[in-house]
Amino acid sequence: MQPANASRMRKLTRIDGIDALRGLAIFFVVMNHVNMRLRSAEVPYTNGLPEQLVSSLVWNGQLGVQIFFAVSGFLITSTALRRWRSLSRLSVRDFYALRFARIAPLLVLLLTILSVLHLVGLKYFVVSPEVGGLGRALFAAVTFHVNVLEASRGYLPANWDILWSLSVEEMFYLFFPVACRVFKSSKLFVVVLVIFVGLGPFGRTVLAHGNGVWKEYSYLGSMDAIALGCLTALLVSRVRFSRPALRTFALFGAALMGFILMFSIRASQWGLDSNGLNMTILAIGTCMIMIVAAQTQWTASHVIRPLLTMGEHSYEIYLTHMFVVFAFFELFLQAGKPMLAVPLFFIATLVTSALAGKVTARNFSEPMNNRLRKLFGRESHRLVSVMSDPPEFDLRTTQKTNLTE
């Protein structure tokens, strides 16, 4: 059982609702990637199952990433407000330094490992000449245009392919601090974010020009969720909602998320997929839940603690889980693709990915993050709260917090 003081410390340094959303997102991503491996091996494990159940459990990977984007925009903006009190006072240099400390170490390690595995010719890890080979993939990864490369030349190996979302996210944050300084008026900055939100559905449809990869991986088609997260953080920093309002947000947010995630077939029949609005609706629902999470003291029950742990280490799980997927997939193939082992494949991959992510975070990402912050002279304990009293609305942070990512 978790000690009382440990539980209290986590309450001060984490927001359970945020970690639950990220845990849900990474759950959908991992489930989708296991499903894709099984489909590639022509394993008919979904035969006889309700179509909507299958869609909700194993085809929501892209929707999971959309949740990630919304949460990311909220956290980055919240952190900037805490650190500089106003986005117009944001330090471009400090923003880049802190972002580098968080993202770069594990990304560099991943790219190093993938390069070695490509050079030794290991199955599932070789970048084909058709997409440009290893050098082209590395260049795309470090300049954040993996999505552009794949849309023009085809998919990279799965461990490389997941970097498309990092390309979108980091391209947004490349210009985020500059925009904060240029648009010193908060109203002008809000207008810019609203424009990104409006362009999102077009980025997924009209502007994709029939390119299936670009429909899912384009910059504009994904940045609307990040922009919505930013707008949500600005709203939370300025408005303290009443209890009835928060209950309304919780109800409608859960309803919107539940509809897109659990009734995706009906949403598609209504044309929400073809016009790109399904992603927007999901992001709006996610933002409503984040408002509630940020302005209440909701504490998750012990039943969903594993989901929160996955959310806490979602970045590490995201970048490393494909190694686990392929390892168990090979074991599954070697065993003769037994149908009875399919549930075990899913469960083992989820559990092992979560453990691998936690180990990676504790022994590499977090130490490197702290070391680089000290090197840059940028300590996370300098954060200040944007929320005023009463205490239940206080989003206090310490060095280890989901508001620094």
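These legends walk through close-up views of a predicted model.

**View 1. The whole chain, before zooming in.**
What kinds of secondary structure does the protein chain have? The protein chain comes to 18 helices and zero strands. Of its 405 residues, 54% count as buried. Take the contacts between residues at least 6 apart in sequence: 79% of them join residues at least 24 apart.

**View 2. Helix α4, from end to end.**
Helix α4 takes in residues 61-84, which makes 24 residues. At 1.5 Å a residue α4 should span 34 Å, and its end C-alpha atoms are 35 Å apart, so the two values agree. Is α4 largely enclosed or largely open? Count the buried residues and you get 24 of the 24, so α4 is largely enclosed by the rest of the structure. For background, most residues other than glycine have a negative phi.

**View 3. Ser-72, a closer look inside α4.**
Ser-72 has its place in helix α4. Buried or exposed? With a relative accessible area of 8%, Ser-72 is buried, since buried means under 20%. Which residues does Ser-72 meet, leaving aside neighbours within four places in sequence? The partners are Glu-169 and Tyr-173.

**View 4. Helices α5 and α17, side by side.**
Two packed helices are described by the angle between their axes and the distance between the axes. Here the axes of α5 (residues 92-119) and α17 come within 10 Å and cross at roughly 10°. The two helices are therefore roughly parallel to each other, because angles under 35 degrees count that way. On the α5 side, look for Arg-102, Ile-103, Leu-106, Leu-107, Leu-110, Ile-113, Leu-114 and Leu-117. They meet Tyr-315, Glu-316, Leu-319 and Phe-323 in α17. By class, this contact has 10 nonpolar, no polar and two charged residues.
An α-helix has 3.6 residues a turn, so residues three or four places apart point the same way.

Now α17 (residues 314-334) turns up with another partner, α18 (residues 342-376). This pair packs at an angle of about 140°, with the axes 8 Å apart. How are α17 and α18 set, oblique or parallel? They are oblique to each other, and their crossing is right-handed. From α17 the contact draws on residues including Glu-316, Thr-320, His-321, Val-324, Phe-328 and Phe-332. From α18 come, among them, Val-342, Phe-345, Ala-348, Thr-352, Gly-357 and Ala-361. Sorted by class, the residues of this contact divide into 11 nonpolar, eight polar and one charged.

**View 5. Ala-361, zoomed in on α18.**
Ala-361 lies in helix α18 and counts as buried, at 0% relative accessibility. Which residues does Ala-361 touch, not counting those up to four places away in sequence? They are His-313, Glu-316, Glu-366 and Pro-367. Ser-314 is 47 residues from Ala-361 in sequence, yet their C-alpha atoms are 9.5 Å apart in space.

**View 6. Helices α13 and α15, a left-handed crossing.**
The axes of α13 (residues 243-262) and α15 (residues 277-294) come within 8 Å and cross at roughly 150°. α13 passes α15 in a left-handed crossing. The residues of α13 in the contact include Leu-246, Phe-249, Gly-253, Leu-256, Met-257 and Ile-260. Facing them from α15 are residues including Asn-278, Ile-281, Leu-282, Gly-285, Met-288 and Val-292. How many charged residues does this contact have? It has no charged residues, with 16 nonpolar and four polar.

Gln-297 has its place in the loop between α15 and α16 (305-312). At 45% relative accessibility, Gln-297 counts as partly exposed. Look for Gly-17 as well: it is 280 residues from Gln-297 along the chain, and their C-alpha atoms are separated by 9.5 Å.

**View 7. Two loop residues with positive phi.**
Phe-144 lies in the loop between α6 (133-142) and α7 (146-153). It has a positive phi of about 55°, although it is not a glycine. Phe-144 counts as partly exposed, at 22% relative accessibility. Lys-337 sits in the loop between α17 and α18, and it also has a positive phi of about 55° without being a glycine. With a relative accessible area of 37%, Lys-337 is partly exposed.

Terms used
Residues numbered from 1 in each chain as written. Predicted model: local features only at pLDDT ≥ 70, side-chain atom pairs only at ≥ 80, totals over all residues. Heavy atoms only, no water. Helix = DSSP H or I, 4+ residues; strand = E, 2+ residues; numbered from the N terminus. Expected span 1.5 Å × (residues − 1). Buried < 20%, exposed > 50% of the residue type's maximum accessible area, 1.4 Å probe, protein only. Contact = heavy atoms within 4.5 Å. Axes fitted to C-alpha atoms, helices over the stretch in contact; angles between N-to-C directions. Parallel < 35°, antiparallel > 145°, perpendicular 65-115°, else oblique. Left-handed = near helix turned anticlockwise from the far one by under 90°. Nonpolar A, V, L, I, M, F, W, Y, C, P; charged D, E, K, R; others polar.
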